[in-house]
Amino acid sequence: MTAAPQAGAASARACSLAGRHVVLGVTGSIAAYKAAELLRMLTRNGAEAQPVMTQGATHFLGPLTLATLAGRETFVEMFARDDADIRHIALARWADIAVVAPATADFLGKYRSGIVDDVLLNLLLALPSQRVPVVVAPAMNDEMFAHPAVQENLETLARRGVFVVPPEHGELACKTIGPGRLADLARIVQHCERALCAASSAADFRGRRVVVTAGPTRQYLDPVRFLSNPSTGRMGAAVARAAWTRGADVSVVAGPMDRALLPADVATVFVESVQDMLEAVRAAMSADAMLVMTAAVGDFAPPRAPEKIKKTGQVRTLELLPTPDILTAVRAQHPRATLAGFAAETSDVCARAREKLVRKKLDVIVGNRVGVADSGFAGPTTDAVLIDRTGWEQDVGAVEKTALAHLILDRLRELAP
Ligand code: CTP
């Protein structure tokens, strides 16, 4: 047994913004004001950000705002200072990733055509394209976005390997409603992580299908009452995000949980009952898919009364029937699939987890110590031991859910056919 506590998998580091040099390009759209918050999110994720603005962007946001937040001068002028640095080349060598948000129609046209009339475009063309990914997040009026010139520019850039974060549908500055709003900032950050992953050897789930369950289930007694548990879905969200970041084709089946926790670009089906979760998982699974069952599935369900149960004054006894076991059902249907389960236990974690691994014919089980500090349903960390079907075990101690998610995926990839 390997007992060394892990700070996190190598893949977690490769797909993370922590310690990365990020060029944040801002162009002249009204959404430029959102770049200030994006910069804060990048630095909160551990990145060092270098703001670069076009002249147009300075009409909407002061360079000093970004400079103050970044703790670095914002570059606007191509030939601003009398120093020996060739500014755009020095920056291109420094960068690990460049993200342009918001990206205007004008910028996209120039970038696609290789017209470099400002410091941002010069630096983007000077980037070593194999090593440094570029993410662009367009924002503009809906008619402008739909224009064939803009669409062709985006298609060409995407073909060349630029990561495009599509704008969202919503109210635009011009008071129309349509696609053109700058993508949600958390989504832009997720795309940056995915781009970093793709530029390293960590995008090892390309072409793989991963199904993740998350959150609790609800077993209804009547139309207004149910049995459930306090699962928040954070672990499932972490696994889904890690798998998507590593290039997988991910489907999430989620019980009632905060939707904002889930990665925005992952297809999600929301369910309530165990039976609905089972059906949704069956629909999402394929013969060689991977399934990570983080959901806290209810083991028992009362028969559901069609009408609200009335208070009669009498104490009622609740009749409970067992629910179907989703992992067991999936294993029976897909003998070649790679399955991971969780065993939340208050004692005898390893022995109980191992018993579930065997009983449910799993490939990996995550024994999860609950009822101890720093581990459990809602917190950022989980105290876990990983066990696989070959007898391999790793006590990872209390780790961040993201790091644990990557460790689980590492193991599944080892074991998948
Ligand atoms: N699970 C499942 N279907 C169920 C219940 C649980 O697929 N009806 C999955 C859980 O998502 C988890 C694993 O099985 O990944 C273990 O769940 P757990 O509740 O710990 O195991 P049980 O078999 O329900 O045993 P017990 O509650 O008695 O410990």
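This is a predicted model: local features need pLDDT of at least 70, side-chain atom pairs count only at pLDDT 80 or more; totals for chains, interfaces and linings use all residues.
View 1. For phenylalanine 342, the distance between a polar backbone atom and an oxygen atom of the ligand is 2.8 Å. How much of the ligand does the protein bury? The ligand taken alone exposes 580 Å², and 78% of that is buried by the protein.

**View 2. The shell of residues around the ligand.** The ligand is surrounded by 15 residues, and the closest of them are Ala295, Asp299, Phe342, Lys356 and Lys360. Which elements give two or more residues to the shell? They are helix H12 (residues 326–333), strand S16 (338–345) and helix H13 (349–359), and the largest share, three residues, comes from S16.

**View 3. The buried side of helix H4.** Helix H4 spans residues 87–94, and its buried residues are Arg87, His88, Leu91, Ala92 and Trp94. These residues lie on the same side of H4, because they cover an arc of only 160 degrees around the axis. In an α-helix there are 3.6 residues a turn, so residues three or four places apart point the same way. Among the elements that cover the buried residues of H4 are strand S1 (21–26), strand S2 (48–53) and helix H6 (119–126).

**View 4. The whole protein, as the setting for the close-ups.** The protein has 417 residues, of which 53% count as buried, and its secondary structure comes to 14 helices and 19 strands. Taken along the principal axes, the box filled by the C-alpha atoms is roughly 80 × 50 × 40 Å. Among the contacts with a separation of 6 or more, 67% are between residues 24 or more positions apart. The accessible surface of the protein is about 19,000 Å², and carbon and sulfur atoms account for 52% of this surface.

Methods: Residues are numbered from 1 along each chain as its sequence is written. Side-chain values use heavy atoms; hydrogens and water are left out. Buried means under 20% relative accessible area, exposed over 50%, partly exposed in between (1.4 Å probe, protein chains only). Helices (H or I, at least four residues) and strands (E, at least two) are DSSP runs, numbered from the N terminus. The arc is that of the directions from the helix axis to the C-beta atoms. Contact means heavy atoms within 4.5 Å. A residue is near a molecule or strand if one of its heavy atoms lies within 4 Å of it. A polar contact is a pair of N or O atoms within 3.5 Å; within protein, one must be able to donate a hydrogen and the other to accept it, and residues adjacent in sequence count only if both atoms are side-chain atoms. Accessible areas come from the Shrake-Rupley method with a 1.4 Å probe; for residues, only the protein chains shown count as cover.
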